[in-house]
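Welcome, and please load the model in your viewer.

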Amino acid sequence: MEKIQHSHVQVQGLKLHVAQIGTGPKVVLFLHGFPEIWYSWRHQMIAVANAGFRAVAFDCRGYGLSDQPPEPEKANFNDLADEVVALLDSLAIDKAFLVGKDFGAFSAFMVAVTHPERVLGVITLGIPFLIPGPLGIQLDLLPKGFYVIRWAEPGRAEADFGRFDVKTVVRNIYILFCRSELQVAGDNEEIMDLVDPSTPLPPWFTEEDLDVYATSYQNSGFRNALQVPYR
């Protein structure tokens, strides 16, 4: 971890927090999801660097230590795909392998489709090939209390999260999403209500990890994070 180098890179008028390790000729760019940051990829970055690649991860706009966009409510997936290409330009990287998890997978797919000349390959976790848009995920087929639908409603997640401190919100999300059950709230419940406060963190997610995420989200808040991917 101590060998990972950090910097802020100017990309499309915003300062993005970038983490890098390794000096290989080929680059692997890691794209995080929600509620994540560059830190989610720390173990993979070290492994990739040890295998002879240059590993890069960053906090997307509005996340972690990166700047907030001026109008978060207008942000969309196109912004994230454009951001990836602009970051490659800023780092003088011609082509890269893209590794994406959660909404980071959408960014990887979109860059591969719109800028194939910049992509050596795509690896994704948790998301099959989809291009965001009206024909992407059919929300009408999902349970009405499903978290994706609840968080897509402006103001609802903010009110739900606002009942707790940031650290508790992040803790609850990681407890919820490490289970196989769908995150579906009843008519008189919110998503945070699905968590039993006595439930321990999953064994792979330490209190130290929680502190890192909580500190980052105390800096960024959830405003932009809820817009993209959920709205």
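**Before you start**

This is a predicted model, in which local features need pLDDT of at least 70, side-chain atom pairs count only at pLDDT 80 or more, and totals for chains, interfaces and linings use all residues. Residues are numbered from 1 along each chain as its sequence is written, and side-chain values use heavy atoms, with hydrogens and water left out.

**Stop 1: the two domains**

Colour residues 1-133 as domain 1 and residues 137-230 as domain 2; such bounds come from an automatic or database domain assignment. Taken over C-alpha atoms, the centres of domain 1 and domain 2 are 23 Å apart. Their contact involves 24 residues of domain 1 and 20 residues of domain 2, where contact means heavy atoms within 4.5 Å.

**Stop 2: the largest nonpolar core**

Which residues have the most contacts inside the largest nonpolar core? Select Leu-29, Phe-30, Phe-34, Met-45, Phe-58, Trp-151 and Phe-161, and you have them; the core itself has 75 residues. Helix α2 (residues 77-90) supplies the largest share, with 8 residues. Domain 1 and domain 2 each give at least three residues to this core. A nonpolar core here is a set of buried Ala, Val, Leu, Ile, Met, Phe, Trp, Tyr and Cys residues joined through side-chain atoms within 4.5 Å. Buried means under 20% relative accessible area, exposed means over 50%, and partly exposed lies in between (1.4 Å probe, protein chains only). Helices (H or I, at least four residues) and strands (E, at least two) are DSSP runs, numbered from the N terminus.

Now centre on Trp-151. Not counting residues up to four places away in sequence, Trp-151 touches Phe-34, Ala-157, Phe-161, Ile-173, Phe-177, Ile-191, Met-192, Leu-226, Tyr-230 and Arg-231.

**Stop 3: Phe-34 and Pro-35**

From Trp-151, step across to its contact Phe-34. The peptide bond from Phe-34 to Pro-35 is cis, with omega near 0°. Pro-35 sits in the loop between β3 (27-31) and α1 (42-50).

**Stop 4: helix α2 against helix α3**

Show α2 together with helix α3 (residues 103-114): their axes are 9 Å apart and the packing angle is about 65°. Axes are lines fitted to C-alpha atoms, for helices over the stretch in contact, and angles run from 0 to 180 degrees between N-to-C directions. The pair is therefore roughly perpendicular; angles under 35 degrees count as roughly parallel, over 145 as roughly antiparallel, 65 to 115 as roughly perpendicular and the rest as oblique. On the α2 side, pick Phe-77, Asn-78, Leu-80, Ala-81, Val-84 and Val-85, and on the α3 side Phe-103, Phe-106, Ser-107, Met-110 and Val-111, to see the contact.

Staying on α3, select Phe-109, which is buried at a relative accessible area of 8%. Leaving aside neighbours within four places in sequence, Phe-109 contacts Val-122, Thr-124, Ile-127, Pro-128, Phe-129, Leu-130 and Ile-131. Phe-109 and Leu-130 are 21 residues apart in sequence, and 7.2 Å lie between their C-alpha atoms.

Asp-102 is not a glycine, yet has a positive phi of about 60°. Most residues other than glycine have a negative phi, and most peptide bonds are trans.

**Stop 5**

Beyond its neighbours within four places in sequence, Ala-86 is in contact with Val-11 and Gln-12. From Ala-86 to Val-11 the C-alpha distance is 6.1 Å across 75 residues of sequence. Select Gln-12 next, in the loop between β1 (5-11) and β2 (14-21): its phi is near 55°, a positive value in a residue other than glycine. At 45% relative accessibility, Gln-12 is partly exposed.

**Stop 6: helix α6 against helix α7**

Finish with helix α6 (residues 166-177) and helix α7 (residues 207-220), which pack at about 125° with axes 9 Å apart. That angle makes α6 oblique to α7. Among the contacting residues are Val-166, Val-170 and Tyr-174 of α6, and Leu-210, Tyr-213 and Tyr-217 of α7.
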